[in-house]
Amino acid sequence: MGDTGMAREPSERTRHAGVLFAGLGPRYDQMGAILSFGQDARWRRFLVSRIGPTRPLVLDVATGTGLVAREIVDTGIGRVVGLDRSEPMLRSQSNGAAFANVLARAEALPFADATFDALTVTYLLRYVDDPGATLRELARVVRPGGVVASLEFGVPTSPVWRAAWWGYTRWVMPLIGALDSREWREVGRFLGPSIERFWRAYPLAEQQRLWAAAGLAPGRVRRMSLGGGVVMWAVRR
């Protein structure tokens with residue numbers, strides 16, 4: 001049995017992201033569907049399909065309101081443990097005891113090596129200070145031969161669609177958020193620049209290199225909805 005992971009305390013940037021999303025649980029699912037034009041459900045279904053038809057025990061990291069974890073349960077893949085650093089998000093779930101939840105950070109998972117048969121993670125790497133170290137920690141708790149699958153927001157590669165994406169994330173999303181609440185207006189203003197900064201610092205080739213360095217290969221990628229969502233998956237060596 002290996003030791004559980006260790007990580008330094010989160011930076012101010014990471015703490016800010018946690019505070020920003022802490023109070024959004026009650027409306028998170030509905031607003032996520034609105035802001036993504038309903039595409040987020042399709043992205044989640046494809047993400048879950050990547051881990052295989054049966055995996056006895058799956059860890060869903062950054063589970064939030066439990067949308068991916070419920071998809072895994074409903075698909076009949078196996079048992080699920082959800083993990084998130086936000087207690088308000090976990091409290092907002094209504095999963096009917098369909099899966100267990102753990103309050104912890106992805107950078108320091110409270111599990112022994114090779115505990116899980118597969119792992120899913122959504123919208124996480126933009127919020128951690130060291131994506132490479134976080135990927136190594138995620139891989140650590142997956143058994144050899146298990147699958148790790150990730151869903152992130154993306155930036156379209158086509159110049160035309162990238163321009164449309166930029167206008168939507170900078171102008172339309174904050175406006176839609178403001179129609180709901182001050183908190184969602186701030187999220188709408190935050191997301192576009194956050195996504196763009198991440199992809200500038202970690203383009204696809206660099207992300208694939210980090211996955212391989214974490215022992216996750218071969219890395220596969222599917223861009224979805226003109227590049228607005230990106231699913232990556234790989235096998236734990």
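Trainee: How many salt bridges does the count come to?

Mentor: The count comes to 13 salt bridges. The rule asks for a side-chain nitrogen of Lys or Arg within 4 Å of a carboxyl oxygen of Asp or Glu. This is a predicted model, where local features need pLDDT of at least 70 and side-chain atom pairs count only at pLDDT 80 or more, while totals for chains, interfaces and linings use all residues. Residues are numbered from 1 along each chain as its sequence is written, and side-chain values use heavy atoms, with hydrogens and water left out.

Trainee: Which residue forms a salt bridge with R70?

Mentor: D29 does, with the closest N and O atoms 3.5 Å apart. The pair links distant parts of the chain: R70 sits in helix α4 (residues 67–75) and D29 in helix α2 (residues 25–35), 41 residues apart. Helices here are DSSP runs of H or I with at least four residues, strands are E runs of at least two, and both are numbered from the N terminus.

Trainee: And R105, buried or exposed?

Mentor: R105 is buried, at 18% relative accessible area. Buried means under 20%, exposed over 50%, and partly exposed in between, using a 1.4 Å probe and protein chains only. R105 forms a salt bridge with E107, closest N and O atoms 3.6 Å apart. E107 is buried too, at 13%.

Trainee: What about R182?

Mentor: R182 bridges to E183, with 3.4 Å between the closest N and O atoms. R182 is exposed at 54%, and E183 is partly exposed at 35%. Elsewhere, salt bridges that share partners join D113, E137 and R140 into one network.

Trainee: Switching to the fold. How many helices and strands?

Mentor: Nine helices and seven strands.

Trainee: What is the strand order in the sheet?

Mentor: β3-β2-β1-β4-β5-β7-β6, an open sheet with mixed pairing. The edge strands are β3 (100–103) and β6, each pairing on one side only. Two strands pair if DSSP finds at least two bridges between them. The twist averages 15° from one strand to the next.

Trainee: Why is β1 called largely enclosed?

Mentor: Five of the five residues of β1 are buried, so the rest of the structure largely encloses this strand. L57, L59 and V61 point one way, V58 and D60 the other. In a regular strand the side chains alternate between the two faces of the sheet.

Trainee: Which strand do five bridges join to β1?

Mentor: β2 (residues 79–84), and the two run parallel. R79 in β2 is the bridge partner of L57.

Trainee: How do β4 and β5 pair?

Mentor: In the parallel sense, over six bridges, with β4 at residues 116–122 and β5 at 142–153. L119 stands opposite V148 in β5.

Trainee: Which helix lies across β1, β4 and β5?

Mentor: Helix α6 (residues 131–140), running at about 135° to β5. Axes are lines fitted to C-alpha atoms, for helices over the stretch in contact (heavy atoms within 4.5 Å). Angles run from 0 to 180 degrees between N-to-C directions.

Trainee: Now the surface. Which residues form the nonpolar patch?

Mentor: V160, W161 and L226, with about 340 Å² of accessible area together. Areas come from the Shrake-Rupley method with a 1.4 Å probe, and for residues only the protein chains shown count as cover. Patch residues have over 30% relative accessible area and no salt bridge; nonpolar side chains (Val, Leu, Ile, Met, Phe, Trp, Tyr) are joined within 5 Å, like charges within 9 Å.

Trainee: Where is L226?

Mentor: In the loop between β6 (220–224) and β7 (229–235). L226 counts as exposed, at 54% relative accessibility.
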